[in-house]
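This report describes selected features of one protein structure.

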Amino acid sequence: MSQYDVIVIGSGPGGYVCAIRCAQLGLKTACIEKRPTLGGTCLNIGCIPSKAMLHASERYEEAGHHLGALGIDVGNVALNLSNMMKHKDGVVEANVKGVEFLLKKNKIDWLKGEGMISAPGKVKVGSEEHSAKHIVIATGSDVISLPGISIDEKRIVSSTGALELKEVPKKLAVIGGGVIGLELGAVWRRLGAEVTVIEFLDRILPTNDGEISKEAKKILSKQGFIFKLETKVTGAVVTASGVQLSVEGAKGGNPEKLDADIVLVAVGRKAYTQNLGLDKVGVAVDERGRVKTDHGFKTNVPGIYAIGDVIAGPMLAHKAEDEGVILAEMIVGQSGHIDYNLIPGVVYTWPEVAAVGKTEEQLKSEGIQYKIGKFPFMANGRARAMNATDGFVKILADASSDKVLGVHIIGPEAGTLIAEVVLAMEFGATAEDIARTCHAHPTLEEAVKEAALAVDGRPIHI
Ligand code: NAI
């Protein structure tokens, strides 16, 4: 048995970052992880392998279909899926080893196995019990399925299985037009699959700004995605050659059968609290099974905290990381704060979709008066040079104060472009502040500046 200041359960971006910050602040820290490697869902089976596949498949599509337009003839382009998978596995390996190195460097003990809170201040890993003044639950989230559909990770896969397919499916059916459905759908479409996305609601990316969702659907449809909106899946039968899905209208009616080689279920994730001993120690959870916390990440049991996907809020690695850092600082008596309105969200399709702050729909429902500034990438010189003119930047600013309330971008490098406005919004910037900031030419960032100018009706290049 060892005595720690802090034991963090889970080594995903929330957990390992929290552990490192605790160690930096002089706390004796351990991090428990049951996977053979550190890094949690994000590094092992989530963001990192997805980005490796997204990047590789983008290059494949570029070489096959887009380089010719730039005057580069590459001849026949062939896919070597097993090498692409090796690339992805190598990226994962380098990243998880990197986290292991960081824990060692910071003298954090990795307690290998499943952690269970046996009593306040006590955590069991296997038969060993450790004690800690502070216990941080950072166990993340797990996939959810639909009634009557069981994920076997072969024919009916979650994001995990979708990153391990041995061959390109001829037909891939994706249930859920959210982030995972579109990103992994994009990977397999580029590699040759016919991808049909079945979405219950009347739009894809339902939490994004409505205009952006509409534009995303238009661009992705042009690329070959097939969308079945307002449609629900009522059953799935695995056959020798694939899966037959029964689908019907979201409100019933129009029953239809849909055949696919592979079905990807991407209808959201749930907080992961299995075998943690929460009942035993009396840690309260909300109606969705998420650990309840206050603004300081404290649960109702003194000395037990929770961060990341296992608590309320967007299930995003960077949100978990920021919570981990702030919690560590609060544990040593410092103060910390996260503005949950300023957590950017990025969908890594091509083009990317990035957002921060309020959507137009939210502003309307909150009765806030706003101005809109929009600028299309079609009118941006750099985007033209890149042959990447799809999409636009949309800035929403307060009608009277001009303070930026929300920014929504669909277009090349949107995930990078959003950083500027997140920083601006952190400093309470107005659209005029962004418009008056000198932006290098020729860059995609100029589209952000032009959208800010457009808020005041004075864009130059349109
Ligand atoms: P999501 O919440 O983004 O999307 C789920 C979609 O499924 C929604 O559009 C929803 O309306 C739809 N849906 C729900 N039930 C349905 C049903 N019965 N039939 C048809 N459609 C249905 O969830 P997703 O894509 O599974 O991602 C899980 C979490 O992981 C999200 O919180 C997401 O933010 C996070 N994530 C973030 C990434 C990023 O930041 N780039 C990448 C991957 C995941």
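Which residues of helix 12 are buried? In this predicted model, they are Ala414, Leu417, Ile418, Val421, Val422, Ala424 and Met425. An α-helix has 3.6 residues a turn, so residues three or four places apart point the same way. Helix 12 itself runs over residues 414-426 and contains 13 residues. From its first C-alpha to its last it reaches 18 Å, close to the 18 Å expected at 1.5 Å a residue.

After helix 12 comes Gly428, with a positive phi near 70 degrees.

Helix 14 is mostly covered, with 9 of its 11 residues buried. The buried residues are Glu446, Ala447, Val448, Glu450, Ala451, Ala452, Leu453, Ala454 and Val455. They pack against strand 20 (370-376), strand 21 (392-398) and strand 22, and also against helix 12 and helix 13. Just after helix 14, Gly457 adopts a positive phi of about 70 degrees.

Elsewhere, Asn44 belongs to helix 2 (residues 40-45). Is Asn44 buried or exposed? Asn44 counts as buried because its relative accessibility is 15%, below the cut-off of 20%. Its side chain reaches the backbone oxygen of Gly40 at 2.9 Å. Leaving aside residues up to four places away in sequence, Asn44 touches Arg35, Thr37, Leu38, Gly39, Pro49, Val92 and Val96.

The remaining topic is the ligand. The ligand is surrounded by 21 residues, of which the closest are Ile180, Glu183, Glu199, Gly268 and Val346. By class, this shell comprises 14 nonpolar, 4 polar and 3 charged residues. Helix 6 (residues 179-190) gives the most to the shell, with 3 residues.

| Residue | Protein atom | Ligand atom | Distance |
|---|---|---|---|
| Val179 | polar backbone atom | oxygen | 3.2 Å |
| Glu183 | polar side-chain atom | nitrogen | 2.9 Å |
| Glu199 | polar side-chain atom | oxygen | 2.6 Å |

On its own, the ligand has 850 Å² of accessible area, and the protein covers 76% of that area.

Notes:
Residues numbered from 1 in each chain as written. Predicted model: local features only at pLDDT ≥ 70, side-chain atom pairs only at ≥ 80, totals over all residues. Heavy atoms only, no water. Near = heavy atom within 4 Å. Polar contact = N/O pair within 3.5 Å; in protein donor to acceptor, adjacent residues only side chain to side chain. Areas by Shrake-Rupley, 256 points an atom, 1.4 Å probe, with all protein chains shown as cover. Helix = DSSP H or I, 4+ residues; strand = E, 2+ residues; numbered from the N terminus. Nonpolar A, V, L, I, M, F, W, Y, C, P; charged D, E, K, R; others polar. Expected span 1.5 Å × (residues − 1). Buried < 20%, exposed > 50% of the residue type's maximum accessible area, 1.4 Å probe, protein only. Contact = heavy atoms within 4.5 Å.
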